Amino acid sequence: MNNRYEYIELTCFKNAGLPDICLSHTNNYKLSLFRVLSGTINLRDTYTGKTYRLRRNYFTLPYSEHASGKLLRGIKDLFEDDVTLNDLNGYFKKNHKNREFYQKLEGEIIRCIIAKYNDNYIGAFLHLYRGIECISYSLPLLYASKSKEYIKTFGALKKFFGNEKDPGELKFFKNFVTEIFKNEDFMSITIDIDFDAIDVEQEKSNIFKIFTGVNFPKPAYAAENDELKYSFTDYYDLMISLRNRYFHLLQGSWNENISCINTEYPEYMFKAIIEQGLNWISIILFEILKYDLTN
């Protein structure tokens, strides 16, 4: 971590006899990212003096809350029965590669979560999106590097590029997710946007119109001003579309960007999707961790 944010380790981890999954004993950015997204650490902002109790587990879909006093058990239950806490301790003890990559990603995720806690949903989305950009090229390469056969690795990378010579990193990443995880259970589960998070009634209608507009992916299910359901890959497209349409206001394009005419409370638009966005990126990171653990 940097000087601004510090981790406050929990007693159950200090006393577990597992020093390499305890943040009091190690400075492993992959581990600290894992602990943040699994909701098993406290985080202090040294600038404001505020401490955040992170107890939301984003590695399940949908995300879940840890039961009090069962944080170690909650981590164990994420894995197959034959993976023990000692196995995880050994994995993180040996796994310190790509430190700069995980340090950058950890910084974006922490700032996203803290902004969310402080009701700064536009700022939270900005850091979430930067996190997606951070992993979009690196994770497919990290995944491919674990392959023991060069020909299969080359073939996999060709599929990620699709038929395009230069699909761009975000499309490259979508192709990676679609191809590698096509048989995973989470790919058949919808990610839902609940409009109860939007406190201003008129904004429910405005945001529904934005999300179901021509510049956004078509939801798998839509109940007007109430609920939207997206496939796993379409939720990724939703986040990309929202970034492209909101953070630009060019008027000479065929794409219609989002302005104050469309919504006077844009923070609610981001509030409605930020938790599921953290859930989305966490599921992918967790799949890579599990693959890494077994290879």
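Ala, Val, Leu, Ile, Met, Phe, Trp, Tyr, Cys and Pro count here as nonpolar, Asp, Glu, Lys and Arg as charged, and the others, Gly among them, as polar. The model is predicted: local features need pLDDT of at least 70, side-chain atom pairs count only at pLDDT 80 or more, and totals for chains, interfaces and linings use all residues. Residues are numbered from 1 along each chain as its sequence is written, and side-chain values use heavy atoms, with hydrogens and water left out.

**Cavity**
- The whole structure holds 1 cavity of 30 Å³ or more (a set of points on a 1 Å grid over the protein atoms alone where a 1.4 Å probe fits but cannot get out).
- The largest cavity has a volume of about 130 Å³, taken as the space filled by probe spheres set on the points, which are joined across faces, edges and corners.
- Its lining (residues with an atom within 4 Å of a point) has 13 residues, of which Lys30, Leu33, Tyr102, Leu285 and Leu289 are the closest to the centre.
- By class, the lining of the largest cavity has 11 nonpolar, 2 charged and no polar residues.

**Helices at the lining**
- At least two lining residues each come from α2 (29-37) and α11 (266-294) (helices are DSSP runs of H or I, at least four residues, numbered from the N terminus).
- The largest share, 5 residues, is supplied by α11.

**Cysteines**
- The structure has 0 disulfides (pairs of cysteine sulfur atoms within 2.5 Å).
- Cys12 is in no disulfide, and the nearest cysteine sulfur, that of Cys22, is 9.3 Å away.
- Cys12 counts as partly exposed because its relative accessibility is 32% (between 20% and 50% relative accessible area, 1.4 Å probe, protein chains only).
- For Cys134, the closest cysteine sulfur is that of Cys112, at 13 Å, too far for a bond.

Terms used: 1 Å grid on protein atoms, 1.4 Å probe; cavity = no way out; pocket = protein on both sides within 12 Å on 5 of 7 lines; lining within 4 Å.
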